[in-house]
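Hi there,

Here is the structure I promised to pass on.

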Amino acid sequence: MLIMSIESTCDETAVAITRNGREVLTDQIFSQADLHAVYGGVVPEIASRSHVEVISQLAQRAVDAAGIKKTDLDALAVSYAPGLIGAVLVGVNFAKSAALALGIPLIPVHHIKGHIAANYIAFPELEPPFLCLAISGGNTMLVDVRGYTDMKILGSTRDDAAGECFDKTARVLGLPYPGGKHVDRLSQSGDDKKYDLPRAHVEGNPYDMSFSGLKTAVVNLVHNAEQKGEELDRESLCASFARAVSESLVPRTMTLAKELGYSRIAVAGGVAANSRIRADFAAAAERAGVELFVPPLSLCGDNGAMIGCQGYYEFLAGTRAGSDLNAYANMEI
Ligand code: KG4
């Protein structure tokens with residue numbers, strides 16, 4: 001089954017063509033990062049306009065690169081929530097028109113479910129159930145993946161997402177947008193014990209997380225140093241920060257997996273590219289004797305293939321949308 005899948009929830013426009021879910025024929029990704037860098041963050045209106053400008057060309061390029069004809073497509077899958085509403089609407093409207101014109105089914109895909117499905121592409125042997133930590137620019141959640149389409153959130157951030165916290169830290173240190181990878185790079189040559197940064201414990205649900213206190217602590221540290229004319233050790237601040245984020249994520253995930261009796265853990269989303277988090281998970285999984293699945297960097301960030309893969313399983317489960325499909329800024333998984 002050939003699916004064309006569309007992703008436009010934030011600042012990447014992507015169109016992929018996948019066969020039977022896990023085989024990627026092509027994934028055409030246009031990153032808008034350069035357009036937003038000058039503003040230090042994503043400007044929603046610029047994001048929407050850029051999606052409009054490139055989406056048709058990307059779709060044509062995907063068809064050409066896959067060596068197929070448009071009429072060979074069996075279904076259209078689209079990431080319809082959550083995301084920047086104007087940006088998501090562009091992908092949804094394109095997908096609706098294409099599905100209607102080609103007379104093929106339209107499959108709505110939850111963006112975070114797509115991130116989780118990136119693991120199926122990277123690891124052909126992976127099947128539910130497993131526990132997944134989904135960490136991206138806008139979301140941080142522990143998801144019980146009971147089946148390909150049956151998932152339950154067991155913990156999530158009460159405030160900022162982990163990626164947002166990386167980006168704010170980068171910004172206050174004067175690093176370019178998107179900052180996560182720059183904080184990661186600097187952290188590799190720093191002392192992770194030099195700065196004492198907080199790890200939040202949220203009352204109520206031990207699997208909920210909070211990153212706003214950590215973000216504020218970094219901002220205060222930088223501003224105080226500036227006011228006193230003190231030089232900060234940026235590498236060590238990044239290393240201490242990455243350690244604090246990792247220690248907020250990895251032990252919680254491991255404990256929850258044990259509680260659920262799961263021997264498989266997956267990680268997904270842009271922040272899964274972080275070297276400290278990857279290394280800490282690898283060590284923790286080895287200690288606990290659980291299997292760990294972390295996608296390659298190319299499948300951590302937003303891409304079209306992950307939407308096609310999840311779209312395939314949604315299709316098998318009977319999920320369909322009509323031409324009244326809407327885009328949503330927020331949506332339960
Ligand atoms: O999944 P993604 O591409 O977009 C969303 O769906 O949100 O994630 C983007 C986030 C950004 O916050 C970016 O700074 C972060 O992932 N990120 C990283 C790294 N690479 C990307 N954060 C930490 N370390 C990295 N190496």
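To start with the helix pairs: in which crossing, left-handed or right-handed, does H2 pass H3? The crossing is right-handed. Please keep in mind that this is a predicted model.

The axes of H2 and H3 cross at roughly 25 degrees and come within 9 Å. Angles under 35 degrees count as roughly parallel, so H2 is roughly parallel to H3. On the H2 side, the contact is made by Ser48, His51, Val52, Ile55, Ser56 and Ala59. H3 brings Gly86, Ala87, Val90, Gly91 and Phe94 to the contact. By type, the residues of this contact of H2 with H3 are six nonpolar and five polar, with no charged ones.

Helix H6 (residues 180–187) packs against helix H8 (residues 234–260) at an angle of about 110 degrees, and their axes are 7 Å apart. Angles of 65 to 115 degrees count as roughly perpendicular, so that is how H6 stands to H8. Here H6 passes H8 in a left-handed crossing. From H6, Val183, Leu186 and Ser187 meet Arg234, Glu235, Cys238, Ala239, Phe241 and Ala242 in H8. The contact of H6 with H8 divides into six nonpolar residues, one polar and two charged.

Lastly, a few backbone details. Most peptide bonds are trans, and most residues other than glycine have a negative phi. Against that background, look at these:

- Pro128 and Pro129 are joined by a cis peptide bond, with omega about 5 degrees. Pro129 sits in the loop between helix H4 (111–122) and strand E6 (130–135).
- From Tyr177 to Pro178 the peptide bond is also cis, and omega is near -10 degrees. Pro178 belongs to the loop between helix H5 (162–172) and H6.
- Asn20 has a positive phi, near 50 degrees, though it is a residue other than glycine. Asn20 is found in the loop between strand E2 (12–19) and strand E3 (23–31).

Methods
Residues are numbered from 1 along each chain as its sequence is written. This is a predicted model: local features need pLDDT of at least 70, side-chain atom pairs count only at pLDDT 80 or more; totals for chains, interfaces and linings use all residues. Side-chain values use heavy atoms; hydrogens and water are left out. Axes are lines fitted to C-alpha atoms, for helices over the stretch in contact, and angles run from 0 to 180 degrees between N-to-C directions. Helices (H or I, at least four residues) and strands (E, at least two) are DSSP runs, numbered from the N terminus. Angles under 35 degrees count as roughly parallel, over 145 as roughly antiparallel, 65 to 115 as roughly perpendicular and the rest as oblique. A crossing is left-handed if the near helix is turned anticlockwise from the far one by less than a right angle, and right-handed if clockwise. Contact means heavy atoms within 4.5 Å. Ala, Val, Leu, Ile, Met, Phe, Trp, Tyr, Cys and Pro count as nonpolar, Asp, Glu, Lys and Arg as charged, and the others, Gly among them, as polar.
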